[in-house]
Amino acid sequence: MPMFVPGPVDVDPEVAAAQTAAMLPHRSAEFEEIFHRAERKARRLFYTQYRVFLTASSGTGFHEAAVRNFVPEGGWVLSCTNGAFGNRWYDVAVTNGKQTEKLEAAWGQPVTPEMVADALKKRHYDIVCVVHNETSTGVMNPVREIAAVVRERSPDTLVCVDAVSSLSGARIEMDAWGLDLVLSSSQKALALPPGLGLGATSDRALARAEQVPHRGWYFDLVRLEKHRIKNSTPATPAIGLIYALDKQLDRIFEEGLENRFARHSAMAARVQQWAMARGFGLFAAEGCRSQTVTTINKPEGLDLADLNAFLLRRGMRIAGGYGPIKPTTFRIGHMGELRVADVEALLAAMDAYLERR
Ligand SMILES: *Cc1c(COP(=O)(O)O)cnc(C)c1O
């Protein structure tokens, strides 16, 4: 059933089936081989030569890993936010007892490099956290430009990026852009079942972690690295999900990353064009609209539950708004396995619904 929601999304049957292969002991040579292969291939997704930690968690686990591993006692976090997931990362920093400055842009607007440059004047920050694709608002933040400003103004500040709803659906070049941590989840653009966290980590970020006490245990990147170099994890990995990741990465590279980005971009353009042609405003400002999810201003009187019931009878589903913009927006996810033809089918069904009203 095509799920036009921003995760969890539909999983290809072959990928879903990969999970059902026989379990292997995670300390066996056979499993280590698969783990090694999947981790190596995953680096290509992030455009990194470094390493990708694979955790049995959702992506939020790496929000916590970032603040616990890279911020020493007395250190500071600059938490950029323009939506619900930026706010979550801020909360994660605060609830871990970190001194955290919140840098806020209005929902629907991007966090700009100028804002970050300004914030860096106030004090030294150990890390800057920013969400690449703000799934609540449909804004894609200019991570490349933000990272460039941080590198220039505060070279030893680590740049940490949440790419949960964009990885593999939009370009994010970790090494070339100078990013230190890029984290993601399995169930969004990657189109895997939920339960796997991915965290690409630079050498200098890992070196920082070694200097920071009380990193905790489960998301201690130094501990994870000790095991990763032996193609393993400190605790039991999500073995079925590693099988599925291994399979899905083959499918992704078969399509080609460039083609995959272009497909997402074409779906986004089509949804945006449809919404504007119907006179519905787009919530995200022009120039920063997401390739993987579109947040649309809900017209007066449109009952989303009724619309979704109509769509469900046709085997489709869209998403409501998120948090404070729940009453005034709805979202169409266009990521993972979806094609432009699927989007056309959805929009035709939505047109049929709107005409009936
Ligand atoms: C979904 C989402 C998260 C949370 O991911 P989990 O996998 O549920 O931990 C974080 N950030 C963004 C941008 C998201 O879209």
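**Entry 1. Domains**

I looked up the domain division of the protein chain: domain 1 comprises 3-7 + 257-356 and domain 2 comprises 13-253. These bounds come from an automatic or database domain assignment. I note that this is a predicted model, in which local features need pLDDT of at least 70 and side-chain atom pairs count only at pLDDT 80 or more, while totals for chains, interfaces and linings use all residues. Residues are numbered from 1 along each chain as its sequence is written, and side-chain values use heavy atoms, with hydrogens and water left out.

I then took the separation of the two domains: their C-alpha centres lie 27 Å apart. The contact (heavy atoms within 4.5 Å) takes 24 residues from domain 1 and 32 residues from domain 2.

**Entry 2. The interface between the domains**

The size of an interface is often given as the accessible area lost when the parts come together. I therefore looked up the buried area, which is the accessible area (1.4 Å probe) that two parts lose on being put together, summed over both. Domain 1 and domain 2 bury about 2,200 Å² between them, with 59% of it on carbon and sulfur atoms. On the side of domain 1, Leu-257, Phe-261 and Tyr-322 lose the most area to domain 2, together 26% of what that side buries.

Across the interface of domain 1 and domain 2, I find 16 residue pairs in polar contact, both residues at pLDDT 80 or more.

For secondary structure I use DSSP runs numbered from the N terminus, namely helices (H or I, at least four residues) and strands (E, at least two). Both α11 (257-277) and β11 (293-297) supply at least two residues of the side of domain 1 that touches domain 2. To that side α11 gives the most, with 5 residues.

**Entry 3. Ligand surroundings**

The ligand is surrounded by 14 residues, the closest being Ser-58, Thr-60, Thr-135, Ser-185 and Lys-188. From an oxygen atom of the ligand, a polar side-chain atom of Ser-58 lies 2.5 Å away, and one of Lys-188 lies 2.7 Å away. A polar backbone atom of Gly-59 is 3.2 Å from an oxygen atom of the ligand.

**Entry 4. A salt bridge and local backbone**

I find 25 salt bridges by the rule above. One joins Arg-251 to Asp-12, the closest N and O atoms being 3.2 Å apart. Arg-251 lies in helix α10 (residues 239-255) and Asp-12 in the loop between β1 (3-4) and α1 (13-18), so the pair ties together parts that are 239 residues apart in sequence.

In the loop between β1 and α1 I also located Pro-8. The peptide bond from Gly-7 to Pro-8 is cis, with omega near -5°.

Notes:
A polar contact is a pair of N or O atoms within 3.5 Å; within protein, one must be able to donate a hydrogen and the other to accept it, and residues adjacent in sequence count only if both atoms are side-chain atoms. A residue is near a molecule or strand if one of its heavy atoms lies within 4 Å of it. A salt bridge is a side-chain nitrogen of Lys or Arg within 4 Å of a carboxyl oxygen of Asp or Glu.
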